[in-house]
Amino acid sequence: MSDLKKLKDEFLSKLRGKSNLSEINQIKSELFGKNGLISTQFKKIGTIAESEKKKFASDLNIIKDELQSLINSKINEAENTEINKKLEQERIDITLPERSFVRGKIHPVSQTIDEISSIFSEIGFSVEEGPDVENEYNNFTALNTPENHPARDMHDTFYLDEKKQNLLRTHTSPVQIRTMIKDKPPFKIIAPGRTYRSDSDQTHAPMFHQVEGLHIDKDINMGHLKGCLNYFIKEFFEVDKIKMRFRPSHFPFTEPSAEVDIGYEMKDGKIIVGEGDQWLEILGCGMVHPNVLKNVNVDAAKYQGYAFGIGIDRLAMLKYGINDLRAFFDCDYRWLSHFGFDPLDVPSNYRGLSR
Amino acid sequence: MKITFDWLKDHLKTNLKEKDLLEHLTNIGLEVESVESLSADVELFKIAKIIKVEKHPNADRLKICDVNIGNKDVKKVVCGADNARQGLITVYAPPNATIPKTETKLTVAKIRGVTSYGMLCSESELNLSDESEGIIELSSKLEKKIGESYFSKSKLKSNLIDLSITPNRPDCLGIRGIARDLSASGFGKLIDQKEKKFNSKIKQTLKVKITKEKGQGCSVFGSCLITNVKNTESPKWLKNKLISVGQKPISAIVDITNYVMLDINRPLHAYDADKIEKRIIVRNSKSGEEFTALDNKKYKLEKGMCVISDNKGVLGLGGIIGGIRSSTEFDTKNILLESAYFDPRSIRNTAKKLNLDTDAKFRFERGIDPLSIEQGLNKAAKLIKEICGGEISKIDIQKIETFKLKNISFKPDLFEKISGFKISLQEMVKILEDLGFKCKNEKKNLRLTIPSWRPDILQEIDIVEELARISGYNKIKIIDPIKKRKKPTLNKSQRLFHFLQRSVASKGYLEAITWSFTDSSYNNHFKDSKKEIKIVNPISSELDVLRNSIFSNLVMYINKNLDRGFKDLSIFEIGPIFTGSNPGDQNTVVCGLSAGKKSRLSWIEKERNVDVFDVKRDVIQTLIEAGYNSDQFFIDNKTPNYYHPGKSGRIFLNRGKDQIAAYFGEIHPNILKKIDLKTDALVGFEIFIDNLKLSNKTLNDQKTKFSFSDYQKSERDFAFVVNKDVNAQDLINAVSSVDQDLLSNIKIFDVYEGDNIPENQKSIAISVTIQSSEKTLNETDLEKINNSIIQSVENKTGAKIRS
């Protein structure tokens, strides 16, 4: 009995103040190793008289638990200290830069096309395409632009042959022709794409982008046209209030024709689209000319509707405050990085156009 | 088309203001392009008094004046006018003012060594009169007004309004046409202009003949002779009128013809009748005929151009430009005045062939009122007689065709059907009559006679536009669109386009958009076996062909950006390349280029050049993201000649090798040398969207049943020695062909050439995962598979397992 107490006291004092892991482990094996002092005591149990056996075993267990838990907590403590010391040594300058990563950007024109498609998608338009190289019939004649129209001058159109049969389309309107020839009415399409005119100065580029719109059905009138564009403009510029003005104009392939202006003002050298008292022309439109419908075998007595053409680059410039049209196509790394969009910024109906 | 409100008032009675006018013009489709305010600068001109005059030390005729310009401010001004004297009250123009006559801006300037701060003005310099002798002398009563602006508001001239007239409206190339449109829309009342016809008993003695031949561009030729005129400078009112719309006065006769043209859009031509040889013949030109036009250029004519000629030869090109030989001058005594109708097509063809653009051509090609011939002659001849004196002959009119007014039957219901709003029949008739139509009720329809000055009105829909335009487009009610979709917005290939675009961008490439055309010298490097497609009329020689590859532009722009100091660049473009000059001869390609290094100047990673396996990863990953199964991909090394022949490859979506999905590789070093592009490395790729098979499956269908194996798997490594020209892909194929169900995750983890390996051979180490979905494989099973793998690789590739 007193042997056990003695053993306990001896080791408690031995352990006191010890914090070195190997010393503690040494003591641990002295006690609990195969021939450790505690282990030896346990072997004794069998030799002890029956009357004292129970008490001895119980006392021994208590001592064992006490010593064991002390040792364990000492080990824990020592291990912690050691780990912490190691971690402290591993400390690095976390303000050093991360591993490099690169992220590309989507061109503002592509982003704008996706925005436009997303808006028109909501009101039932689907996207059509046409080739960049067109024949003169689809680009002009079918669109009620007779042979002696000024738009046919060499000055405006890039031709691919001397006979002027093949050319780079000067607008996206030939997609109207292709669509109507291919299918049967009703039609409700937009057609974004590249267009070309041999014009090059500060505000004109030999290549630019347009989106064509065409809606032909039985009773589509100028009110529908106005409603459609009104909806588009508000959605696109993401403003509730915007002034819009329809004013008469002339295009050979629409009659009546209109040009649409929106209100704006200048603030700190930047165009603010909305309710300002300046007007800015953004698109041309009108009711599809009966001659055009006739050319594509659509019965003009039964079907009618509107078409519009919007300059995409111009819209992008307005919305994103880009001043120079030429910069769109100049491929300056700084410009592309600045005005480009993150590829994850996909405009959609449910997310909206902006992040 | 330049107009002033003042001139409009010759035709229009109105109480409305200029501000209303501008709005009205735009609302009826006569778009106001700009308004040139003549008043802004004019306020700078001040009433001033000369308080001292000294002689200029270095010039006899010049004086140095001290000028009181008000507010106790005195300026030194150098002046050459004889009448500049002490005490004179006159008009002072400060530096920065623009002198109306010369349109020059004043600056502080040294005149013969003496600095002059501004200028004292003559009447002519201010466009007030032609008086250029001396400076303006103002009444001494104005002493109190020294320092005030000389031009009071009322003296300001009407603003110059520039209208953009659409090509369908030749009638609005005359002030009267504009006035007519305005009056129809409620802006004032059109003043009746019934010109009194002159009565003459004198015969027009110059014989005129229009030849009847094929393609004759002139159908009517009206003329009259005015004899014994004295051509002079125009009177002030006429000069001012022309100046007010930016035209330069020349001589009375020329000014009068210009005035009539601007006023009623009736071009006229005045010949010096004495210079005409016997008679006028309007005919088609013969090939090679020549004449010198009023622009002092000699023109050589092709066959079939409409010319006005006499017995000697060509006098002028009808409706385009007159000739020097018969032009009027100040000493011209007898005039032949021409007023004719020329066919727009003929005018356009001739002008285009000769590359000539004149005011008359612009008007005739849009269509001149064929019934304005007499009116024009009458108006001009009377003015000439008034200003230059002389005798007017009878009007002679030769014609080979008679113009007939056209009629349209118009269904009034059509208006609302198209415009979406309603106006009464009465309103319709009022608008149309104001525009010059004659209206007659004809059962339910309106029978309309189209005015001769409106060649653009051809059918009912044109009437709808007239009615809508004049009523005002603001009456069109907005009908909100219905949010209903019957067809998907994008089809499969459009979706793929958008997906690839964003997928490539997400790998670090900036999207560029470049021209569809390019420089042929660049294109040549990348056209491979494709046909060059020339643009007949390129905008510059550097953009003379359609691109056969997007690389030509991207390489050019990479080079520009390298010049800007960027070293590591990745850009891409998605767009068309062209294979022929017919519609549809084009393919859509995603093309990317990457230059420079990875991890340049990185503290943590070792820098290295971009290489072919970077672009290979970008392409493969993009294709996988787009939904293609990389297990099926087949890659070989046959690529176009603009790639490095040993470091480039092409990808097929499957072993069937049907169509090329993509190329990737290093750009051929020779090209970089030729275009002087200096970078550490340049690699690129092209993905051919049109060659990618579109899946018919929906995403739902694309997900197969989920299954996996929980039986123990084991990994085995093999090292083979194989000839250098054997592709790694062949080894992988040989392994996987053993048993696709058991083998997975076949990876090459080492490629080695050199010591211990025979020359022309290489060692390739492959790791394979072996797992069954039915049982745990025991050593015997595994051994069997091992042997099959070795056997398959050795048989199929000639490799030997390394012991």
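Predicted model: local features only at pLDDT ≥ 70, side-chain atom pairs only at ≥ 80, totals over all residues.

Student: Okay, how is chain A divided into domains?

Tutor: The domain assignment of chain A gives two entries, domain 1 covering 2–90 and domain 2 covering 108–339. The C-alpha centres of domain 1 of chain A and domain 2 of chain A are 89 Å apart.

Student: And what domains does chain B have?

Tutor: Chain B is split into domain 1 (2–38 + 158–190), domain 2 (41–155), domain 3 (207–399), domain 4 (407–473), domain 5 (492–691) and domain 6 (711–801). For domain 2 of chain B and domain 5 of chain B, the distance between C-alpha centres is 68 Å.

Student: How many residues does each chain put into the contact?

Tutor: Chain A contributes 68 residues and chain B contributes 81 residues. On the side of chain A that touches chain B, the elements that each supply at least two residues are α5 (108–122), β1 (126–127), β2 (133–135), α8 (222–237), β6 (244–251), β7 (254–267) and α11 (333–339) of chain A.

Student: Which of those gives the largest share?

Tutor: That is α8(A), with 8 residues of the side of chain A that touches chain B. By residue type, that side of chain A divides into 31 nonpolar, 24 polar and 13 charged residues.

Student: Switching to helices, how do α5(A) and α10 of chain A pack?

Tutor: Their axes lie 9 Å apart, and α5(A) meets helix α10 (residues 312–320) of chain A at an angle of about 95°. Because of that angle, α5(A) is roughly perpendicular to α10(A).

Student: Which residues make that contact?

Tutor: From α5(A) the contact uses A:P108, A:V109, A:T112 and A:I113, while α10(A) brings A:I312, A:D313, A:L315, A:A316 and A:Y320. The residues of this contact of α5(A) with α10(A) divide into 7 nonpolar, 1 polar and 1 charged.

Student: Is α10(A) mostly covered or mostly open?

Tutor: Mostly covered, as 7 of the 9 residues of α10(A) are buried. The buried residues of α10(A) are A:I312, A:D313, A:R314, A:L315, A:A316, A:M317 and A:L318. After α10(A) comes A:G321, which has a positive phi, near 65°.

Student: What about α7 of chain A, which residues are buried there?

Tutor: In helix α7 (residues 174–182) of chain A, the buried residues are A:P174, A:V175, A:Q176, A:I177, A:T179 and A:M180. The cover over the buried residues of α7(A) includes β2, α6 (136–139), β4 (187–196), β5 (207–217) and β10 (304–311) of chain A.

Student: Now the cores: which residues touch the most other members of the largest nonpolar core?

Tutor: They are B:I335, B:L337, B:I384, B:L554 and B:I571, in a core of 222 residues. Leaving out residues up to four places away in sequence, B:L337 touches B:S223, B:C224, B:I226, B:L268, B:A270, B:L377, B:A380 and B:A381. Another core lies apart from the largest one and has 24 residues, including B:C65, B:V67, B:A84 and B:I135.

Conventions: Residues numbered from 1 in each chain as written. Chains lettered and ligands numbered in written order. Contact = placed C-beta atoms within 7 Å. Helix = DSSP H or I, 4+ residues; strand = E, 2+ residues; numbered from the N terminus. Nonpolar A, V, L, I, M, F, W, Y, C, P; charged D, E, K, R; others polar. Domains from an automatic or database assignment. Core = buried A, V, L, I, M, F, W, Y, C linked by C-beta atoms within 7 Å. Buried ≥ 20, exposed ≤ 12 C-beta atoms within 10 Å, placed from the backbone. Axes fitted to C-alpha atoms, helices over the stretch in contact; angles between N-to-C directions. Parallel < 35°, antiparallel > 145°, perpendicular 65-115°, else oblique.
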